[in-house]
Amino acid sequence: MVTKRRAGRKPEAYLPLPPATFHILLALADGELHGYAIMKGVAARSEGGVRLGPGTLYGALKRLLDAGLVEQGGERTDPERGDERRRYYRLTPLGLSVARAEARRLDALVRAARRKKLIGERPA
Amino acid sequence: MSAERFYRLLLRAYPPEFRADYGGEMVLLFRDQCRESDVRSLGFWARVLCDVARSAPTLRMEAWRANNRTMEVTMKVAAILTGLLGVFGIANAAVEWVAGSKGVNEGTYVLAVVLGVFASVLLLGAAVAILLQTRWGRQPARLALVASVVLFVAARLLFPWMSYFSQLVGFGLPVALLIALYRPSKPSTFGAASIVLLLVFGLSVPAAVAQAKPGDTVKDLPLTDAQRQSLRVRAATQRPTTIRSPATSARTAMIVPSPEKRRSIKLMRPVKTSQIPSSSVPRFLFSFMEPLFL
């Protein structure tokens, strides 16, 4: 669970991230998104493996906002859906650093697994 | 009832502040989900209910922790009281030692005093660590808990005539109370063990205090009900006088009746030796706890 913001914390101090949180950061790495777009992005990237409900999604977003990894980017209507005004979220520089640190950590784990021949040289 | 109205009802499971911030967006997102899913299917509602059941309690707990200043204040007060308890324990041990130094100090007596001082110092250390809110504050508290268990085992081996209740109350209760109040930030085995210890020690207090009442010793005497009642009333105002005898291996408490009592109760022997378990507890450990519960 991502804890509240503390001054001067290094990105590594936030690791390891819960899978849902990392998926949200990955989705926001593309740019500003509203809740529903984040949810669809996560479901598509994980091929349906991770399904975020409204409670889980906004609970995680609240923690990320409190920790300073994500910030609000204003309210506007979605050009594709074009109905109601939605709140947009985007990564902060700290959030981007944490996402990179988590990706490096997972990459090191995958390389270790390859060396142990637990997985193949190339992804199947 | 429409699906959206039902979902609005489900949102009441979340903390009010969270609902105020994100409730509108959650309803919007639910509306999007309804457009793309079969609202009449069981799987859809199972996912919705599962999402609420998983996220609402966690958010409630986080909101409670964020708003709860009462626990913090309680912890500080408890830490101050525990520190005072430690100071009183050390002071009592010093008084006991000075009083006992006129007689012959046996090995077990010396050990009892040393163990009592050790427990009091640990209490002081743990209380200071919590009050200072240091990063390593949890470590002294853990050490105090472990040390209290060690003290309990040592006392059991050294003083087999002591009752379990007295040992639990003397060594365990203050430390367990302190640890349980020093709420762990995450659920852990350590936190659960603290709460179990607190419950065990807490439940043993009334029993131990009941054993310690001087009036209880008269029930063994061959007296009439009126005489028992009279003795209980008088015993409540008289403290047992502790006399250390070099000839005995353990300390014994002796009730010395007043001349009026001797005259009124012919059947009673002039001196009644009491061997109730609590009277054999190092009194400096028990004396400062007794007024709290009597």
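Predicted model: local features only at pLDDT ≥ 70, side-chain atom pairs only at ≥ 80, totals over all residues.

Does A:Ala67 count as buried or exposed, judged by its C-beta neighbours inside 10 Å? A:Ala67 has 21 such neighbours, so it counts as buried.

α3(A) is made of 14 residues. From first C-alpha to last the helix reaches 20 Å, close to the 20 Å expected at 1.5 Å a residue. Why call α3(A) largely enclosed by the rest of the structure? Because 11 of its 14 residues are buried. Those residues are A:Pro54, A:Gly55, A:Thr56, A:Leu57, A:Tyr58, A:Gly59, A:Ala60, A:Leu61, A:Arg63, A:Leu64 and A:Ala67. After the helix comes A:Gly68, with a positive phi near 80 degrees.

Now a partner of that helix. α1(A) packs with α3(A) at an angle of about 75 degrees, and their axes are 10 Å apart. With that angle, α1(A) is roughly perpendicular to α3(A). On the α1(A) side the residues that meet the other helix are A:Ala20, A:Thr21 and A:Ile24. On the α3(A) side they are A:Thr56, A:Ala60, A:Leu61 and A:Leu64.

As a general point, nonpolar side chains in soluble globular proteins tend to be buried together. Here the largest nonpolar core has 38 residues. Which of them touch the most other members? They are A:Ile24, A:Leu25, A:Leu28, A:Ile38 and A:Leu61. Several elements each supply at least two residues of this core: from chain A, α1 (19-28), α2 (35-45), α3 (54-67), β3 (85-91) and α4 (93-115), and from chain B, α2 (16-36) and α3 (42-67). So that you can find it on the screen, take A:Leu28 as an example. Leaving out residues up to four places away in sequence, A:Leu28 touches A:Leu33, A:Ile38, A:Val70, A:Tyr89, A:Arg90 and A:Leu91. Another core, of 14 residues, lies apart from this one, and B:Ala112, B:Val113, B:Leu122 and B:Leu123 are among its residues.

That brings us to chain B. Chain B has 294 residues, of which 29% are buried. Its elements are 12 helices and three strands. Among contacts in chain B with a separation of 6 or more, 68% are between residues 24 or more positions apart.

How do the two chains meet? The contact takes 14 residues from chain A and 17 residues from chain B. On the chain B side, the elements that give two or more residues are α2 and α3 of chain B. Of these, α3(B) gives the largest share, nine residues.

One pair of helices can be described in detail. The axes of α2(A) and α2(B) come within 9 Å and cross at roughly 50 degrees. That angle makes α2(A) oblique to α2(B). The crossing of α2(A) and α2(B) is right-handed. A:Gly35, A:Tyr36 and A:Met39 make the contact from α2(A), and B:Glu25, B:Leu29 and B:Asp32 make it from α2(B).

Last, some backbone points in chain A. In general, most residues other than glycine have a negative phi, and most peptide bonds are trans. Which peptide bond is cis here? The bond from A:Leu15 to A:Pro16 is cis, with omega near -5 degrees. A:Pro16 belongs to the segment before α1 of chain A.

Then there are two positive phi values outside glycine. A:Glu47 has a positive phi, near 55 degrees, and lies in the loop between α2 and α3 of chain A. With 7 C-beta neighbours inside 10 Å, A:Glu47 counts as exposed. A:Lys117 is not a glycine either, and its phi is positive at about 60 degrees. The residue A:Lys117 is in the segment after α4 of chain A. It has 8 C-beta neighbours inside 10 Å, so A:Lys117 counts as exposed.

That is the end of the walk-through.

Key. Residues numbered from 1 in each chain as written. Chains lettered and ligands numbered in written order. Core = buried A, V, L, I, M, F, W, Y, C linked by C-beta atoms within 7 Å. Buried ≥ 20, exposed ≤ 12 C-beta atoms within 10 Å, placed from the backbone. Helix = DSSP H or I, 4+ residues; strand = E, 2+ residues; numbered from the N terminus. Contact = placed C-beta atoms within 7 Å. Expected span 1.5 Å × (residues − 1). Axes fitted to C-alpha atoms, helices over the stretch in contact; angles between N-to-C directions. Parallel < 35°, antiparallel > 145°, perpendicular 65-115°, else oblique. Left-handed = near helix turned anticlockwise from the far one by under 90°.
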